[in-house]
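Let's work through a few exercises together. Have a look at the sequence and the model, try each task yourself, then check the steps.

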Amino acid sequence: MTGNKNSNENRSSSSDGSANGSDGVDAAWEEFVSSHQDELHDVERSRTARKFDKAARKAEKQAQLSIDDLKPEAFARAAGPRDFEGRSWLDTDDVLDNDDSSFVPPNPSIGSVRKSTMLFVSLLVIGVITLTVSILIPALSAWLGTVGGVMTLIGAAGMFAQHKGHTETRTDMFDDGARV
């Protein structure tokens, strides 16, 4: 195997013969810059140099921070009010599907209907039907129209008279009438 051959190891580029050589390199570089100052100035002002400087600045900005430089803790934050992990009402289907008990639909009870309310509703419905029939049968329209009109008026007036307003159905003075 061949060894590492560094041909520049002991070479000195300085003219004064110093072992370090950095002073000689700096002096040679200064001499080169002073002798070619006009050409270097033209190169610095060229469009290509400006593009290169712009690209170098952009690359330097991009290289300052990489996603790999950040730890995962940089993206985690403390739990806040929007980090609720429980079940919400939007998960109703999932909750019902996972629940062992079967769903029992509500069975509301209408309760007993008063006879007077039933009478006024039936008078109103029969009156509207009679008025409709009076339009379809021209021979009986006078008699059916009169009877149907009276029945409709009595039924509507009775329903209106029986209606309890909001103020009569309150349970206390803060009741706004909303029922669930």
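Predicted model: local features only at pLDDT ≥ 70, side-chain atom pairs only at ≥ 80, totals over all residues.

Residues are numbered from 1 along each chain as its sequence is written, and side-chain values use heavy atoms, with hydrogens and water left out.

**Exercise 1. Describe the protein chain as a whole.**

Step 1: Start with the elements, where helices (H or I, at least four residues) and strands (E, at least two) are DSSP runs numbered from the N terminus. The protein chain has 6 helices and 0 strands, so its order from the N terminus reads α-α-α-α-α-α.

Step 2: Turn to burial. Of the 180 residues in the protein chain, 10% are buried (under 20% relative accessible area; exposed is over 50%, partly exposed in between, with a 1.4 Å probe and protein chains only).

Step 3: The protein chain exposes about 16700 Å², and 58% of that comes from carbon and sulfur atoms.

**Exercise 2. Work out how α1 and α2 are arranged.**

Step 1: Find the helices: α1 covers residues 22–35 and α2 covers residues 37–44.

Step 2: Compare their axes, which are lines fitted to C-alpha atoms over the stretch in contact, with angles from 0 to 180 degrees between N-to-C directions. The axes of α1 and α2 come within 5 Å and cross at roughly 75°.

Step 3: Name the arrangement. Angles under 35 degrees count as roughly parallel, over 145 as roughly antiparallel, 65 to 115 as roughly perpendicular and the rest as oblique. So α1 and α2 are roughly perpendicular to each other.

Step 4: See who meets whom, taking contact as heavy atoms within 4.5 Å. V33, S34 and S35 in α1 meet Q37, E39 and L40 in α2.

**Exercise 3. Do likewise for α5 and α6.**

Step 1: Take α5 (residues 115–136) and α6 (residues 141–162); their axes come within 7 Å and cross at roughly 150°.

Step 2: That angle makes α5 and α6 roughly antiparallel to each other.

**Exercise 4. Is S134 buried or exposed, and what does S134 touch?**

Step 1: Locate S134: this residue sits in helix α5.

Step 2: Check the relative accessible area of S134, which is 8%, so S134 is buried.

Step 3: List the contacts. Leaving aside neighbours within four places in sequence, S134 is in contact with S141, L144 and G145.

Step 4: A49 lies in helix α3 (residues 47–64), is buried at a relative accessible area of 17%, and touches V43 and E44, not counting residues up to four places away in sequence.

Notes:
Areas by Shrake-Rupley, 256 points an atom, 1.4 Å probe, with all protein chains shown as cover.
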